[in-house]
Amino acid sequence: MTCSACAMRLEKALMRATGIVDAGVNFALERADVSFDTDETDIGSIAGVIRKAGFDVPEETFSFGVDGMTCSACSGRVEKALARLSGVLEANVNIAIERADIRTIAGSVSLEQLTKAVREAGYQPQITGTAEFQDDADQQHREREEAKLAREKRMLLISIALSAPLVLHMALKFIGIEFEHLPVVEVLLATPVQFIIGARFYKAAFNALRAGSANMDVLVVMGTTAAYAYSWYLIATLGENATGKLYFEASAVIITLVLLGKFMEARAKRGTTAAIRQLMDLRPETARVKQEDGSNIQLSIGEVVTGNIVIVKPGERIPVDGEVLAGYSEVDEALITGESLPVPKTIGDTVTGGAINGTGLLELEATNIGEDSTLAKIIHLVENAQAGKAPVQRLVDRISAIFVPIVVVIALVTFISWYLFGGSFEPALIAAVSVLVIACPCALGLATPTAIMTGTGAAARSGILIKDVESLERAHRINAIIFDKTGTLTEGKPAISHIHAFSGTEQDVLRTAAAVQQGSEHPLARAMLERAEELKISLPEVTEFQSHTGLGVSATIENQAVVCGNLEMLQERGIEPIEPERAHDLEAQANTVVWLAVSGRVIGLIAIADLLRPEAIDAVEALRRLGTHTLMLSGDAERVAAHVGREVGVDKSLGQVKPDQKAQAVEELRTQNYIVGMIGDGINDAPALAAADVGIAMGTGTDIAMETAGITLMRPDPRLVAAAISASRATFRKIKQNLFWAFVYNVVGIPLAAAGILTPTLAGAAMALSSVSVVSNSLLLRSWRPKFTK
């Protein structure tokens with residue numbers, strides 16, 4: 001709000017909304033006090049009214065682990081419980097990483113309310129605070145996961161030890177040896193597996209049923225309890241004659257196999273989050289800070305502030321983002337940018353916290369720390385992409401919600417059919433148990449999130465950061481790419497491409513031109529000065545320097561009048577150009593020609609251009625191989641744009657394009673049914689990045705371009721554009737494969753079990769392997785790499 005009129009407008013908007021009894025808006029305090037009927041509206045709806053009126057509502061985020069979930073039906077139940085809380089705008093629960101991400105209206109929901117909602121749903125929340133304190137929470141969560149995995153391994157080994165003797169007589173029968181356990185032995189072996197080791201399934205099933213839903217645990221409990229109880233019935237009715245007719249081994253082996261599957265699944269899921277763990281491991285804990293008296297002290301990273309002078313010794317991890325004040329070294333940024341070769345760093349260069357210093361000593365000024373650091377932003381982007389849900393996952397969630405009740409109905413129909421037409425209770429029960437045990441919603445629930453986590457993690461390792469699932473989903477359908485020329489296909493800064501001397505040597509021409517430009521701040525001047533510095537040319541003193549706007553510069557050097565500028569400047573001074581056709585040819589090749597004259601006579605010319613990036617031609621060719629239409633936009637003259645376009649091989653190039661026209665070019669392609677990706681690196685690219693289906697920003701560009709974009713490339717290599725599309729397509733291929741096999745497994749397995757072809761033990765083994773196979777297939781994405789040599 002900017003004035004009292006704003007407050008009045010908002011107040012009127014609130015009073016018109018359904019369910020609001022009274023509303024008062026205080027402009028000075030920037031606060032709205034609203035009384036409302038909870039039966040007719042809620043805080044989320046009120047926030048929507050405020051936004052619709054043109055104002056913002058502050059939000060707060062919570063992220064925490066949730067223990068006890070076993071399948072996608074569980075995560076769906078937790079989501080619903082959290083979403084029902086007043087003030088919760090969005091709740092996402094990811095079964096693969098066992099984490100809940102909640103977006104709320106600031107101050108409307110307390111930690112206690114979130115804790116209560118998750119517990120009432122039957123699960124254990126691990127809440128430490130808001131997302132700003134996520135570092136400690138993540139570390140604690142990882143430690144809990146390690147302990148949980150070790151505990152599950154112990155339980156699995158005990159279960160195997162108790163179940164193995166029950167399987168022994170089956171194995172002996174297979175090789176022709178008749179051997180049966182006494183009923184009392186089977187009871188002693190099976191009961192601990194069923195009720196002590198299998199207690200987790202009973203507890204989870206109880207929580208699910210209490211919350212009015214059902215999950216995988218309900219199926220396991222129904223199947224194994226039926227087999228276990230029927231075995232007791234046979235003992236009670238047949239006594240010792242029940243030997244060899246019991247099904248204790250079925251119930252025990254099913255629980256053991258499900259535990260084995262869950263353990264393998266947990267191990268495999270850790271692989272899908274390897275990228276995040278690697279990034280988190282890059283975060284240094286301490287920094288060596290230089291004091292005013294010249295001494296160094298070791299501070300925890302939380303104590304470092306912007307402006308501190310940080311000392312980084314050879315081989316150490318750089319603790320903060322900073323600018324090099326002294327020293328030279330080569331820095332390994334592989335895990336941050338994906339660049340495999342060390343990058344030279346010297347005075348004035350920026351370094352990224354988390355990178356590894358090479359053989360030199362660096363002194364740097366801390367620029368970005370904490371949540372503002374590059375590494376923190378990268379971690380946040382990757383987590384955000386991994387925690388989201390693709391549109392197809394929401395459909396799968398709806399299927400999973402009704403999956404278990406449908407399976408129970410199928411099992412009941414199977415039992416009745418076998419009993420009525422087979423005339424025997426025992427085969428009817430065994431077929432029904434097989435149906436209950438083989439059905440598994442877990443594979444469906446893991447199909448999408450595990451592929452997304454692994455795919456976005458592999459992309460991040462190669463320097464491609466995907467902002468969210470929506471960007472990932474749209475990127476795999478991109479069939480048109482728009483490049484902004486400057487800074488993406490070109491280096492983004494002028495550099496000398498050609499020197500021609502009409503008198504003397506090329507070095508003489510460069511020495512004189514660089515000398516006269518010493519007083520200029522023009523980008524063309526910097527190009528000449530940088531080349532002279534590279535060649536270690538000593539420059540003479542300059543007097544009587546003058547800058548002529550739009551023309552060039554003039555000065556006196558070694559008692560001679562020097563003019564350095566364009567053709568118009570020569571003509572004003574009455575100086576005749578030499579070989580003007582040479583200059584014309586260079587200009588036709590997208591060069592800017594600077595003439596140099598000494599004492600009224602031209603001695604040479606220098607051609608300056610924004611040079612193509614070495615990877616530009618390969619980048620366009622890679623997109624062509626993907627079947628992608630390419631367009632290049634530039635604010636330069638049409639002739640310059642056309643030349644660069646031909647050189648890199650784009651399908652079409654446009655020059656003299658203003659920033660707002662770049663967004664129009666995006667819209668024009670979209671009207672032609674293209675899915676458009678736009679790549680840029682500057683503020684003037686932000687409107688077009690926002691207008692595109694997927695905006696792609698160079699990581700060396702401005703913050704506003706990176707914030708607008710759905711994908712950020714962490715190093716200035718345009719070949720990563722095709723790589724980003726390739727990573728997205730590879731991820732969605734895995735999602736389709738996973739969903740196909742998850743559906744086929746259930747569609748084929750359930751009828752086979754109902755037909756009596758699969759025993760309960762085989763059904764349990766198949767169920768355990770289904771989830772493991774889906775996660776393992778997703779893990780194959782870890783080997784994805786861009787298809788080019790760095």
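**Aromatic pairs and a surface patch**

Guide: F425 counts as partly exposed, at 37% relative accessibility; buried means under 20% relative accessible area, exposed over 50%, partly exposed in between (1.4 Å probe, protein chains only). This is a predicted model, where local features need pLDDT of at least 70, side-chain atom pairs count only at pLDDT 80 or more, and totals for chains, interfaces and linings use all residues. Residues are numbered from 1 along each chain as its sequence is written, and side-chain values use heavy atoms, without hydrogens and water.

Visitor: How many aromatic pairs are there?

Guide: Rings of Phe, Tyr and Trp (its six-membered ring) pair if their centres lie within 6.5 Å; planes under 30 degrees apart are stacked, over 60 edge-to-face, the rest tilted. By this rule the count is 11 aromatic pairs.

Visitor: Are the rings of Y230 and F425 stacked, edge-to-face or tilted?

Guide: Their centres are 5.2 Å apart. The planes stand at 45°, so the pair is tilted.

Visitor: Which parts does this pair tie together?

Guide: Helices are DSSP runs (H or I, at least four residues), numbered from the N terminus. The pair ties together parts 195 residues apart in sequence, because Y230 lies in helix α8 (residues 216-238) and F425 in helix α14 (residues 425-438).

Visitor: Is Y230 buried or exposed?

Guide: Y230 belongs to one aromatic cluster with Y233, Y247, F415, Y419 and F425. With a relative accessible area of 9%, Y230 is buried.

Visitor: Where is F421 found, and is F421 buried or exposed?

Guide: F421 is found in helix α13. Its relative accessible area is 73%, so F421 is exposed.

Note on methods
Helices (H or I, at least four residues) and strands (E, at least two) are DSSP runs, numbered from the N terminus.
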